[in-house]
Amino acid sequence: MQSESTSRNEKLHVGIIMDGNGRWATRRGLSRVRGHEAGVDTIRRIVEAAPKQGIGTLTLYAFSADNWRRPRAEVAALMTLLRFYLANEVQSLVRNGVRLTVIGRRDRLPDGIATAISRAEEATARGSALHLRIAVDYSARDAILSAAAKAAALTSLTREAFSQLVTGEADLRDVDLIIRTSGEKRLSDFLLWEGAYAELHFTERMWPEFNAGDLAEALAAFHGRERRFGGLPAIVPEEVPSLSRV
């Protein structure tokens, strides 16, 4: 769990709900699949920009547990893009010091993808410039429910221990900022535990249009906010009048 203050020198944890691929494509007379392909290009740009802008951990919402209800052809195309990313981006991630982990369920993914994920995670394990977490077949509520089931066997429990059960990682920084593109203003079951005190930033930009400048704008807005974590800022006590003045 993190401290209750945020300095510009701290490496931030930013989560992004990458929304608007399909609408971006439709407005241009393209197939929704083309929108998702353009979204992969945006991932490359933002992963490159993130460490330069003070981000140490970047969690991207790629495919939710509810997205299985989308048309079968679109789901198949998204899985194909995931295969492509795992096969073609790993060497670039290694060169740039990016550690990749994938959060969410793996048992429902098409054959071979879970193995590809494990290989990519192993290949990038030493990356220290950025921790890139991609949420695939992910539900924050399911993650919390699974953690609660595991916690039932423990004799004592702390927030830190439960956080590790939820995230699968020790000492993962809580989310500082959650960005959602495309104008929608909801969390959609994303990082509900880790983002309990996250600042929220909503932009009208569709994900394929999102760039390093948009990320910098979101971070500037974040740094302009006062994060109190339920407390109050330090208050200078009022001067107590001396008896000699009374």
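Me: Is H201 buried or exposed in this one?
Reply: In this predicted model, H201 is buried, because its relative accessible area is 12% and the cut-off for buried is under 20%.

Me: Which element is H201 found in, and what does H201 touch?
Reply: H201 is found in strand 6, which covers residues 199–202. Leaving out residues up to four places away in sequence, H201 touches L177, I178, I179 and R180, along with A218, A221 and R225.

Me: And E209, where is that found?
Reply: E209 is found in the loop between strand 6 and helix 8, the helix being residues 212–223. With a relative accessible area of 27%, E209 is partly exposed.

Me: What is E209 in contact with, beyond its neighbours in sequence?
Reply: If neighbours within four places in sequence are set aside, E209 is in contact with W24, R28, R45 and D214. There is also a C-alpha separation to note for E209 and T42, which are 167 residues apart along the chain but whose C-alpha atoms are separated by 7.4 Å.

Me: T42 sits in helix 2, so which residues of helix 2 are buried?
Reply: T42 is itself one of the buried residues of helix 2, and the others are G35, H36, A38, G39, V40, I43, I46, V47 and A49. Helix 2 has 18 residues and reaches 26 Å from its first C-alpha to its last, which is close to the 26 Å expected at 1.5 Å a residue.

Me: What about helix 3, how many residues and what reach?
Reply: Helix 3 has 17 residues and reaches 24 Å between its first and last C-alpha, close to the 24 Å expected at 1.5 Å a residue. Its buried residues are E74, V75, A77, L78, M79, L81, L82, Y85 and L86.

Me: What do those buried residues of helix 3 pack against?
Reply: The buried residues of helix 3 pack against helix 2, strand 2, helix 4 (90–95), strand 3, helix 5 (113–123) and strand 4.

Me: Strand 3 then, how many of its residues are buried?
Reply: Strand 3, residues 98–103, is mostly covered, with five of its six residues buried. Strand 3 runs parallel to strand 4 (residues 130–138), and six bridges join the two; within strand 3, L100 stands opposite L132 in strand 4.

Me: Switching to pockets, what is the volume of the largest pocket, and which residues are closest to its centre?
Reply: About 710 Å³ of space lies in the largest pocket. Its lining has 32 residues, of which M18, Y61, A62, F63 and N67 are the closest to its centre.

Me: Which elements supply that lining, and what is it by class?
Reply: Helix 1 (21–26), helix 2 (32–49), strand 2 (55–64), helix 3 (72–88) and strand 4 each supply at least two residues to the lining of the largest pocket. By class, that lining has 17 nonpolar, eight polar and seven charged residues.

Me: And the second largest pocket, what volume and lining?
Reply: The second largest pocket has a volume of about 390 Å³, and it is lined by 25 residues, with I103, G104, A143, V166 and T167 lying nearest its centre. Strand 3, strand 4, helix 6 (140–151) and helix 7 (159–167) are the elements that give two or more residues to its lining.

Me: Which of those gives the largest share?
Reply: Helix 6 gives the largest share of the lining of the second largest pocket, five residues. By class, the lining of the second largest pocket has eight nonpolar, seven polar and ten charged residues.

Technical notes
Residues numbered from 1 in each chain as written. Predicted model: local features only at pLDDT ≥ 70, side-chain atom pairs only at ≥ 80, totals over all residues. Heavy atoms only, no water. Buried < 20%, exposed > 50% of the residue type's maximum accessible area, 1.4 Å probe, protein only. Helix = DSSP H or I, 4+ residues; strand = E, 2+ residues; numbered from the N terminus. Pairing = 2+ DSSP bridges. Contact = heavy atoms within 4.5 Å. 1 Å grid on protein atoms, 1.4 Å probe; cavity = no way out; pocket = protein on both sides within 12 Å on 5 of 7 lines; lining within 4 Å. Points joined across faces, edges and corners; volume = space filled by probe spheres on them. Nonpolar A, V, L, I, M, F, W, Y, C, P; charged D, E, K, R; others polar. Expected span 1.5 Å × (residues − 1).
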